[in-house]
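Below is a protein model, followed by some questions about the terms used to describe it. Each answer sets a value against its definition.

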Amino acid sequence: MSYVDEVIEQVVSQNPNEPEFHQAVKEVLESIRVVVDQNEEQFRRDALLERLCNPERQIKFRVPWIDDKGQVHVNTGYRVQFNSAIGPYKGGLRLHPSVNIGIIKFLGFEQIFKNSLTGLPIGGGKGGSDFDPKGKSDREVMAFCQSFMSELCKYIGADTDVPAGDIGTGAREIGYMFGQYKKLRGLFEGVLTGKGLSYGGSLARTEATGYGLLYLTEKMLKCHGVDMKGKTVTVSGAGNVAIYAIEKAEQMGAKPVTCSDSTGWVYDPDGIDVAALKEIKEVKRQRLTEYKKYRPNSEYHEGKGVWTVKSDIALPCATQNELDLEDAKMLVANGVIAVCEGANMPTTAEATKYFQENNVYFVPGKAANAGGVATSALEMSQNSERLSWSFEKVDGELKGIMVRLYHNIDDAAKKYGFEGNYVVGANIAGFEKVVDAMNAQGIV
Ligand code: NDP
C-alpha cells in the first residue's frame, strides 16, 4: 500500500466520527500524492504525513455562562493548535451549534495550507464552541465570550496563537473576548484579529475575505480571457464573506443575484442591494425574509435553492458541504464558467470532481478565501509596529497577495502536470513550504 493510502487509513481509524476531518485530509493527501511519491522513502522514515495530520495540541474546555433569567448553561470550547512550522498558530473561532472536535480539526488542517499560501509567516489553528449567538442578548453573548476567554487566554498570545472571527464570531464577540483577555493577562497586545478600529483593528479586515475572493476570481478569469463585467453571479450565505463578495462583484461590474441564510434564500433579478443586505444582517441582525421589504421585485424562498439559478460564476460563501453533486449538475447544465469557494470546503468531493470533469474553473477555499487570514496577518503587523495603515494600503496589499497566490497555485499545478487543476495547485504549493520548514526544524 502506498504511504499516502496508509496514512489516510490511519487517520480514518484513529479519528472515528469525524467525517469532515477525513474529507479534508483525503482531499489534501490525494492531491499531493505526486510530490509524496517522489520522496516516499524519506517522508515515510520521518513520519512526515503522520506529523502533518496530527495536531500539535488540542484543547477542550468547559464554558459555563448565565442567561438573562439566571439559568446556567454549559457549552464546550475548543482550540486546535495544528501546525506552527511557519509561524504562530492563526485561525478563527467558530460559534455555531454544529461545532464539534471533527469540524474544528478539519478547519485547522485546511488552515495550515491556506496560511502557507498567503506567503505570510502564520501557522495553522482553529477553535470555537457549540454556543449559538443567534437570538441571545448582548449581555448573554458577553457572558459567554468572557467565560470562553477565561480558559482560552492560558493558551494564546500575540507570538504564540492569534485567533480571529469565523461563523458566529464577528466584531461584537471579538471585542468582548479581547476585553476579557486584557483584563486577565494585563496585556494590550495583538492577541486577536478582527478587532474594532478604535483598539487595534485593521481597516479593510471586514471586507478582506469577500474582496480577496473577487480579486482572485477576476485574475483567474482574466488569465483565461474572460471579463468579469456583465457576468451573473450566484452567491450563497449572507454573512461577512457573502456580503463583501457581493459588494466587490458589483464594483467590478458583475451582477450578483442571490444570497441565503440558514432558513432561506433570495433571488433579486436586478442585482442584490448590498446596502439593504448590510442593514438587515449587520445592523438589525434579522432574517432574509426582510429583504423583500426593501426590494419588492425580489423573491424569497424557504430552504435551499441558490444553485438552481442560472449564473456564470458561483461563489459558495456559507458553510461546509452546502454544494453537492445535484447542485453541481444544475450549475453545469446552466452554463457556469467558474466556481470559487468563499466558505471553507462548501463543495462536496463529488461536486468538485464533477466541476473539474466538466471544465469549470474551480478554486478551493484554502486559496480563494485566504484574503481574510492574510489581512489578519497584516493586522498583526500593524499591531507589532503600533501603527495603523490606510484602507488603500491594506486593500492594495490584499490585492497583491491574492494575485501572487493565484500565480503560485497556477504554477504549482503546471509544474506537476495538472494545468488548470487549482485543487492540486493549492495543496502542493501550500504543502511544499510547510514541509520545508518542518524538515528544517527537526523532529519536534
Ligand atoms: P457568518 O457567520 O458571518 O455568515 C455565515 C452565513 O452562512 C450566514 O448567512 C449563515 O446563515 C450561513 N450559514 C451558516 N451555517 C449554515 C448552515 N449550516 N446552513 C446554511 N447556512 C448556514 O460567517 P462568515 O461569513 O464569516 O463565514 C462563512 C464561511 O466562510 C465559513 O465557512 C467560514 O469558515 C469561511 N471563512 C470566513 C472568513 C472570514 O474572514 N469571515 C475567512 C475565511 C473563510 P445564518 O445567519 O442563518 O446562520
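**Strands, burial and overall form**

Q: Which residue in S7 is the bridge partner of Thr232?
A: Thr232 has Lys255 as its bridge partner in S7. The model is predicted, with local features needing pLDDT of at least 70, side-chain atom pairs counting only at pLDDT 80 or more, and totals for chains, interfaces and linings using all residues. Residues are numbered from 1 along each chain as its sequence is written, and side-chain values use heavy atoms, leaving out hydrogens and water.

Q: What makes S6 and strand S7 (residues 255-256) a pair?
A: Two strands pair if DSSP finds at least two bridges between them. S6 and S7 are joined by two bridges and run parallel, so under that definition they pair. Val233 stands opposite Pro256 in S7.

Q: Why is S6 called largely enclosed?
A: Buried means under 20% relative accessible area, exposed over 50%, and partly exposed in between (1.4 Å probe, protein chains only). In strand S6 (residues 232-236), four of the five residues are buried, so the rest of the structure largely encloses the strand.

Q: What is the strand order of the open sheet?
A: The order of the five strands is S7-S6-S11-S12-S13, with parallel pairing. S7 and strand S13 (361-363) are the edge strands, each pairing on one side only.

Q: How many helices and strands are in the chain?
A: The chain has 18 helices and 13 strands. Helices (H or I, at least four residues) and strands (E, at least two) are DSSP runs, numbered from the N terminus.

Q: Why does the radius of gyration of the chain agree with a compact globule?
A: The radius is taken over C-alpha atoms, and the globule rule is 2.2 Å times the number of residues to the power 0.38. For 444 residues a compact globule would have a value near 22 Å, and the chain has 21 Å, which agrees. Along its principal axes the C-alpha trace spans about 65 × 55 × 45 Å.
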